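Thanks for making the time this morning. I would like to walk you through one model, moving from the overall fold to a few side-chain arrangements.

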Amino acid sequence: MKLPHIFTSLTLCLFCFAKSAESQNWAVGLHFGENLSTLRGNAKTDYQPGFMGGLHASHYLTKNVVLRMEANFERKGTRVEGLNPNPDPGTPNFGDDYRFDYLSLPVMLRYSTNSRVKFVAGGGASVDYLLRQRTDYGDLTTNELGQYRRFDTDLIGIVGGAVPFGEKWTFSLEFRGMWGLVKVDKPSGLATEFGKNLSWGLMAGVNYYL
């Protein structure tokens, strides 16, 4: 069985055996943030700024443990550094920028404290589908989507906090790390491998309790 199928099956099982929380069952919301991402391979790469945003729905398994599903748009990327082949005095080294736009579907288990200002921590995994790719070679921009794998899988870890405002709303701020499990490119022969995604981000969101 392929990894995305296993991932989906485990998610359905968690919903089937979930117990309702004492005070509320569901929460929904929006979130948006910025990230720094790169690729872990045998190419010399640097971090590239990106962003992420989307919708989430949370189901309370217990009073403190939440099963959260998200649907996100994420921009990841990397910068490949190299020496200028025809250097002039004062000319910097060149850098090629690679950008990857994903539809990401994370599922996480998250724990939050009972205090008014809540501490939140958790983790999970996501299945990502590559929607678009762009490479900037200086003044030249190309689309090289066919050279990259369309599916990726990430492990996710989060830590943050949440503050209530009003009766049914909370504002949250969290730090999120994502570690890709699949090599994004499909190099042939002796081509340099970019490797797997790695990104760190800060994300803000609002939650509404149903």
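Predicted model: local features only at pLDDT ≥ 70, side-chain atom pairs only at ≥ 80, totals over all residues.

In what order do the elements of the protein run from the N terminus on? They run α-β-β-β-β-β-β-β-β-β-β, that is, one helix and 10 strands, where helices (H or I, at least four residues) and strands (E, at least two) are DSSP runs numbered from the N terminus. Residues are numbered from 1 along each chain as its sequence is written, and side-chain values use heavy atoms, with hydrogens and water left out.

As for the totals, buried residues (under 20% relative accessible area, with exposed meaning over 50% and partly exposed in between, using a 1.4 Å probe and protein chains only) make up 41% of the 210 residues. The protein exposes about 11,500 Å², of which carbon and sulfur atoms supply 63%, the areas coming from the Shrake-Rupley method with a 1.4 Å probe, and for residues only the protein chains shown count as cover. Among contacts (heavy atoms within 4.5 Å) with a separation of 6 or more, 65% come from residues 24 or more positions apart.

Let me turn to strand pairing, which requires that DSSP finds at least two bridges between two strands. Strand β1, residues 26–40, pairs with strand β3, residues 48–60, in the antiparallel sense over 12 bridges, and there G29 stands opposite H56 in β3. β1 is also joined by 14 bridges to strand β10, residues 196–209, again antiparallel, with V28 having Y208 as its bridge partner in β10.

Next, the aromatic rings. A pair of aromatic rings is described by the distance of the centres and the angle of the planes; here, rings of Phe, Tyr and Trp (its six-membered ring) pair if their centres lie within 6.5 Å, with planes under 30 degrees apart counted as stacked, over 60 as edge-to-face and the rest as tilted. A search of the whole structure finds 11 aromatic pairs. One of them is Y98 with Y137, edge-to-face at 6.3 Å centre to centre and 85° between the planes, and this pair links distant parts of the chain, since Y98 is in strand β5 (residues 94–112) and Y137 in strand β6 (residues 118–137), 39 residues apart. Y98 is buried at 7% relative accessible area, whereas Y137, at 30%, counts as partly exposed. F100 and Y148 also form an edge-to-face pair, at 5.0 Å and 75°; because F100 lies in strand β5 and Y148 in the loop between β7 (140–142) and β8 (151–165), the pair ties together parts that are 48 residues apart in sequence. Both F100 and Y148 are buried.

Finally, where does E70 have its place? E70 is in strand β4, residues 65–82, and is buried, with a relative accessible area of 5%. Its side chain makes polar contacts (N or O atoms within 3.5 Å, where within protein one must be able to donate a hydrogen and the other to accept it, and residues adjacent in sequence count only if both atoms are side-chain atoms) with the side chain of R68 at 2.8 Å and with that of R176 at 2.9 Å. Not counting residues up to four places away in sequence, E70 touches a set of residues including H31, H56, S104 and M203.
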